[in-house]
Structure formats: C-alpha cells, structure tokens
Amino acid sequence: MASGLWGISAVMEQKIVLKKFSSFQLLTYRAIILAAVSLVFFSSSKTLEHIKSLSRKDWGNFLLAYLAALVGMYLFFELLSRDSKSTAIAIVQPMLIVFATVISFFFFDERLKPIEIAGIFAVILGVILMNWDKIPGIN
C-alpha cells in the first residue's frame, strides 16, 4: 500500500503539481505542511525530552540525513518536471533500493544474501530495459 500511494503521489506531482509549482516551491511547501502537521499531532513533553537528550553527534547525523533527503527530493522533482513520461518515476524509484542497499553494505556493515544481490542486478537490468530505446546505437 505504501508503494502504491508513493507511486500515485509521484505521478500526480509530475502530471499535475509540477505544472503549477517549481521543484523548489514544491519542496518548500511540503516541508511547511509537514512541520505544521507534526507540531499539531506529535508535540508532547516526551518529544521535547527526547530532543533535549540528543547529542551533537545525533544532531549531526540527523542533519546530514535531512540534507541528503532534501537534495535527493529536489533532484527527483527536477527530473519529473523535465521528463513528461511517467517512466522517469519507474526508473528513479527502484534505484533508491540499490543505492540504499549498497551504501548500507559499505558504510554500515550490512551483509547481503545472494538473493538480495540478485535483486540488485534485477533492478539495474530493469532500469536498462526501461531506457533501452535511449541507448545510442540500439535503434
């Protein structure tokens, strides 16, 4: 269900929303709405206690992850605004799995099962096939 909703939102953003908003505006408005909703539904004394208990390293890791997500979403929206076909979404989103898995393997010592390695290659093959007609010399 999460994948379906995420896919629907990406297609709607590409086909409808990005025709009226720039990538930067969309990202900014999303952040404002998320902050407002979070303040209303998730603020409590436990949340404040948790925030106070975080170390500088925790905040540094949080900010690094936040900035990576921010830049990634901006680039994703830029791609959607420049490519009129929904296949752009089908190409970018599966690569999230590949990058997350490879980064976890190299930086966080996650071990991969052979089936997971095969899955990475299957995703990459799928992306190549989705772009087959764009490869020079193929047609």
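Colleague: Why is Phe77 called buried?

Modeller: In this predicted model, Phe77 has a relative accessible area of 1%. Buried means under 20% relative accessible area, exposed over 50%, and partly exposed in between, with a 1.4 Å probe and protein chains only. Phe77 is therefore buried. Phe76, at 12%, is buried as well. Local features need pLDDT of at least 70, side-chain atom pairs count only at pLDDT 80 or more, and totals for chains, interfaces and linings use all residues. Side-chain values use heavy atoms, without hydrogens and water, and residues are numbered from 1 along each chain as its sequence is written.

Colleague: What makes the pair of Phe21 and Tyr29 edge-to-face?

Modeller: The structure holds 5 aromatic pairs. In the pair of Phe21 and Tyr29, the ring centres are 5.7 Å apart and the planes stand at 85 degrees, so the pair is edge-to-face. Rings of Phe, Tyr and Trp (its six-membered ring) pair if their centres lie within 6.5 Å; planes under 30 degrees apart count as stacked, over 60 as edge-to-face and the rest as tilted. Phe76 and Phe77 form a tilted pair, with 6.1 Å from centre to centre and 45 degrees between the planes. Ring pairs also link Trp59, Phe62 and Tyr66 into a cluster.

Colleague: Why do Phe21 and Tyr29 count as partly exposed?

Modeller: Phe21 has 35% relative accessibility, and therefore counts as partly exposed. Tyr29, at 38%, likewise counts as partly exposed.

Colleague: What makes Gly60 partly exposed?

Modeller: Gly60 has a relative accessible area of 35%, so Gly60 is partly exposed. Gly60 is found in helix α4, residues 56-82.

Conventions:
Helices (H or I, at least four residues) and strands (E, at least two) are DSSP runs, numbered from the N terminus.
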